Structures are given as C-alpha cells and as structure tokens.
Amino acid sequence: MNSPVEDEGDVHLRIAELARELHNGQGADDRQIASAVVQAAVMDIPGAEHASLTVASNRRSIESFASTDPLALLHDQIQSEVLEGPCISAALHDRIVRIDDLESETRWPAYRARALAETSTRSTLSIQMFTSQGAIGALNLFADKPHAFDLEAEDIGVVFATHAALAWNSMRKDQQFHSALANRDVIGQAKGMLMERFGIDAIGAFDLMKRLSQDSNTKLVEIARKITTSR
C-alpha cells in the first residue's frame, strides 16, 4: 500500500521506472504485464488498497485481466454479471469514474447493491487505460473506506495509466512484429519445400498455398506450418 507522506515526484519517478520495466519485459506475456501493473498501482496511487485491470471489447464482453486479490476480482465479476458499474463505464465511456461512497451512490444500482452486500469496498476509482485492436482497458482501484480517492489520486492515476498503456502497446507491437517475422520465415520455408518437391517457381508455390488456404478456410501461415512439419 502507498504511503500518504510520500513525495509526488518520487511516485512519478517510480511510474516512469515501471514503464521502462514493462517496455523491457521481453518474454513476459500479457497476463504477467497486467499483474505487474495492478501490483504497482496499489503501491503508487494514493488511497488504493486493491486493484484490477478490466478489458472490454464491448458492453457484453468483459474480462478481468489481472487483479491484486480476490476482492478486486470479485468487483470485476459482479460487473461482468450485471453488465454495469464504474469499471465498465470508465473503459467504454467516461475515461475517469470515481465513487466517493458506495452507500450514497445512485448510479449502477445493480452493481452497487451487490458490491455493498458482497465486499468491504466503499470507494473506487476507475481510469481508462488503453485502446488496442478493438479492446478497451480500465485500471480499477478500490478502498475499504469512503472518500479514499481525491483529485491528486486521479492525477497520479492518469499519469500511471498513460505510462502503463504506452509501455503495454509498445510491447504488443514488438510481439506482433516478431510474430510477423516468424510467420514470414515459415511461409518462405514452405515455399522452398514446394518448389523442390513439385519443380515449380516461387510464385507457383505461393499460389498453391493460397489455394490450399482458401479451400480449407485455414490461415496461410497454418498451411505453411503443416507443409514444413510433414515429411
């Protein structure tokens, strides 16, 4: 948990350091990166006791991507079931959503009723984190006392979410680039094998793979992998 007397400059330095760590996290998958983000959020954002990262491709497709503990996960599960709540609103519409006291909250009545009945949470802060390939994420912070989050928490949370999102998207682009290179190598290898096996040129080999892909409704790279692994 964060320290209330910590200098804000130190927090920003740690956020920048986290961004560098995420960017350099070669070999880490999306879940590992998301877990690092929520753990750091509890340490660096004032008032936060629990955190989660929600990914929503639309209002009816909501997933808890990472959480610090069962309580944070439960909030995501409740909102996924009732299809409303601050995490969903931040991800899809409002960018920043704060609940100062669940007891007096009037928005999202289905979520409010279950959150009060099933959790100890009294205040929340949700911040839209990234937009990538049709999916939108929200960083969600929870606290057991009311009025745990203020404008300072919002400001630091936005900086934190922005750095994390930039690092996340950079990492995913790197992954896509390396995946594209690997796919190109497999397709090139498959073309060479077809050229040798059937005495055709590179264009003919590629056309043959395209026809196999279309006829079987299978991705071209999967056809190439089957060719390279069959002897």
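What share of the 231 residues of the chain count as buried? The figure is 45%, where buried means under 20% relative accessible area, exposed over 50% and partly exposed in between, with a 1.4 Å probe and protein chains only. Notes for a new reader follow.

1. Basis. This is a predicted model, in which local features need pLDDT of at least 70, side-chain atom pairs count only at pLDDT 80 or more, and totals for chains, interfaces and linings use all residues. Residues are numbered from 1 along each chain as its sequence is written, and side-chain values use heavy atoms, with hydrogens and water left out.

2. Confidence. pLDDT is the predictor's confidence in each residue, from 0 to 100. The chain averages 81, and 75% of the residues score at least 70. Among the elements, helix α1 (residues 8-23) has the lowest mean, 56. Helix α5 has the highest, 96. Where pLDDT is low, the predicted coordinates should not be read in detail.

3. Layout. The chain has eight helices and five strands. These are DSSP runs numbered from the N terminus: helices are H or I with at least four residues, strands are E with at least two. Along the sequence the pattern is α-α-β-β-α-α-β-α-β-β-α-α-α. Contact means heavy atoms within 4.5 Å. Of the contacts between residues at least 6 apart in sequence, 63% join residues at least 24 apart.

4. Cores. A nonpolar core is a set of buried Ala, Val, Leu, Ile, Met, Phe, Trp, Tyr and Cys residues joined through side-chain atoms within 4.5 Å. The largest has 28 residues. Its members I45, L53, M129, L139, L141 and F149 touch the most other members. At least two residues of this core come from each of α2 (30-44), β1 (50-58), β2 (61-67), β4 (123-132), β5 (135-143) and α6 (151-198). A second, separate core holds 19 residues, including A90, W108, Y111 and F142.

5. A helix pair. Helix α3 (residues 70-82) packs with helix α5 (residues 109-118) at an angle of about 145°. Their axes lie 10 Å apart. Axes are lines fitted to C-alpha atoms, for helices over the stretch in contact, and angles run from 0 to 180 degrees between N-to-C directions. On the α3 side, L74, H75, I78, Q79, E81 and V82 make the contact. On the α5 side, the residues are A110, Y111, R114, A115 and E118. By class, the contact has six nonpolar, two polar and three charged residues. Here Ala, Val, Leu, Ile, Met, Phe, Trp, Tyr, Cys and Pro count as nonpolar, Asp, Glu, Lys and Arg as charged, and the others, Gly among them, as polar.

6. Positive phi. Most residues other than glycine have a negative phi. W108 has a positive phi of about 50°. W108 is found in the loop between β3 (96-99) and α5. Its relative accessible area is 12%, so W108 is buried. N217 also has a positive phi, near 55°. N217 lies in the loop between α7 and α8 (220-229). At 73% relative accessible area, N217 is exposed.

7. S213 lies in helix α7 (residues 202-216). S213 counts as buried because its relative accessibility is 13%. Not counting residues up to four places away in sequence, S213 touches T218, K219, L220 and I223. A36 lies in helix α2. With a relative accessible area of 30%, A36 is partly exposed. A36 and S67 are 31 residues apart in sequence. In space they are 9.7 Å apart, C-alpha to C-alpha.
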